[in-house]
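Please work through the two exercises below with the sequence and the model side by side, trying each task before reading its solution.

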Amino acid sequence: QTDGFLALLGERSMAVSLPDGRVALCPGDSLAVTIKVTSEYFRNNVFTVELSDSLGRFTLPTVIGRIADTTSCIVVGVTPATLHSGSHYRIRVRSSIPAMISLDNGSDLSVAMAPNASLDPPGPVDICEEDSVRLTARGGAQYLWSTGDTSSSIVVHQDGIYSVYVMAGTGCGARPAPIHVQVHPLPPVPGIRRTGQVLTSTSP
């Protein structure tokens, strides 16, 4: 099996491959893409890494990374967080000077579905001293809170910003917006003074 395919222009050629051998991705993942060239490209050249649609077509490719370079290099690309699931994604590279497009990487990439993660109640949340609030995450098979807890819900009574990473059974995860819990001090306990049949508060 080759590690990439070539697009030729005169004596120049370029190939694209995934050096870590990755075949599965999640929306929002980063991946290292190797670009190999057989001769130096012109000054101010830009290599652009493109991702196909879920059927392997490059009709409207998605740009996942760019680098200004003239020789072989590695581009760290980032897949869109909104990428939908599919099993036939491909990548290719485009150069600007000269204008060339490589063939794709030669093997399918699969993208699993990210969880539809949510966190309740929606923040911010205000509570009083000695009170607590239950925060509940939904949409996943596993959970990891900023507190280190791994259950789907936690009870908190301290001021702070709480976040959770929600992982689906597909292995992909999502992080809903964190919740700020603000704890307010209790008011001072009023004193009561009795004068005859009259009770009077001595609170300030």
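The model is predicted, so local features need pLDDT of at least 70 and side-chain atom pairs count only at pLDDT 80 or more, while totals for chains, interfaces and linings use all residues. Residues are numbered from 1 along each chain as its sequence is written, and side-chain values use heavy atoms, with hydrogens and water left out.

**Exercise 1.** Locate Arg90, decide whether Arg90 is buried or exposed, and find the polar contacts of its side chain with Asp104 and Asp108.

*Solution.* Begin with the strands (DSSP runs of E, at least two residues, numbered from the N terminus): Arg90 sits in the loop that joins S8 (86–89) to S9 (91–95). Next, its relative accessible area is 18%, and buried means under 20% with a 1.4 Å probe, protein chains only, so Arg90 counts as buried. Finally, apply the polar contact criterion (a pair of N or O atoms within 3.5 Å, one able to donate a hydrogen and the other to accept it): the Arg90 side chain reaches the side chain of Asp104 at 2.9 Å and that of Asp108 at 2.7 Å.

**Exercise 2.** Determine the strand order of the open three-stranded sheet that contains S14, and identify the bridge partner of Val133 in S16.

*Solution.* Two strands pair if DSSP finds at least two bridges between them, and the resulting order is S12-S14-S16, with antiparallel pairing. S12 (118–120) and S16 (153–156) each have a single partner strand, so one side of each lacks a neighbour in the sheet. S14 (residues 133–138) pairs with S16 over four bridges, and within S16 the partner of Val133 is Val156.

Conventions
Buried means under 20% relative accessible area, exposed over 50%, partly exposed in between (1.4 Å probe, protein chains only).
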